[in-house]
Amino acid sequence: MDKRDYYEVLGVSRDAAGEDIKKAYRKLAMKHHPDKNPGDPEAEEKFREAAEAYEVLRNGEKRQIYDRYGHEGLAGTGFRGFSGFDDIFSSFGDIFEDFFG
């Protein structure tokens, strides 16, 4: 399966500022969070997809590589996305603490 464009996933433009990317991610993360959608594989996939997009677009270096070379360029850096929720929560624990206390 082909990966969707990260900007499309988050619903932001290619020239979106970091704060706009963060807001878009937070909105999607809240909507599709596994605790809010227990047992819903579609929500889990959307949550993982949004987290992966945010991981790339929030990082200036990864974003530059993605903008220039797409998903293939990131594979050359060793970025493989997230293998599970533990990876996501370890990367973004601070955001989820804001959401859920």
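**Reading the helix packing**

Me: Of the contacts in the protein with a separation of 6 or more, 66% are between residues 24 or more positions apart. What does contact mean here?

Reply: Contact means heavy atoms within 4.5 Å. The model is predicted, so local features need pLDDT of at least 70 and side-chain atom pairs pLDDT 80 or more, while totals for chains, interfaces and linings use all residues. Residues are numbered from 1 along each chain as its sequence is written, and side-chain values use heavy atoms, without hydrogens or water.

Me: Which elements does the protein have, and how many?

Reply: The protein has 5 helices and 0 strands (DSSP runs numbered from the N terminus: H or I of at least four residues, E of at least two). Along the sequence the pattern is α-α-α-α-α.

Me: How many residues are in the largest nonpolar core?

Reply: This core, a set of buried Ala, Val, Leu, Ile, Met, Phe, Trp, Tyr and Cys residues joined through side-chain atoms within 4.5 Å, has 20 residues. Those with the most contacts inside it include Tyr-6, Ile-21 and Tyr-66. Helix 1 (6–10), helix 2 (18–32), helix 3 (41–57) and helix 4 (60–75) each give two or more residues, and helix 3 gives the largest share, 7 residues. Of the 101 residues of the protein, 40% are buried (under 20% relative accessible area, 1.4 Å probe, protein chains only).

Me: At what angle do helix 2 and helix 3 pack?

Reply: Two packed helices are described by the angle and the distance between their axes. Helix 2 and helix 3 pack at about 160°, with axes 9 Å apart; they are therefore roughly antiparallel (over 145 degrees). Their contact includes Tyr-25 and Leu-28 of helix 2 and Phe-47 and Tyr-54 of helix 3.

Technical notes:
Buried means under 20% relative accessible area, exposed over 50%, partly exposed in between (1.4 Å probe, protein chains only). Axes are lines fitted to C-alpha atoms, for helices over the stretch in contact, and angles run from 0 to 180 degrees between N-to-C directions. Angles under 35 degrees count as roughly parallel, over 145 as roughly antiparallel, 65 to 115 as roughly perpendicular and the rest as oblique.
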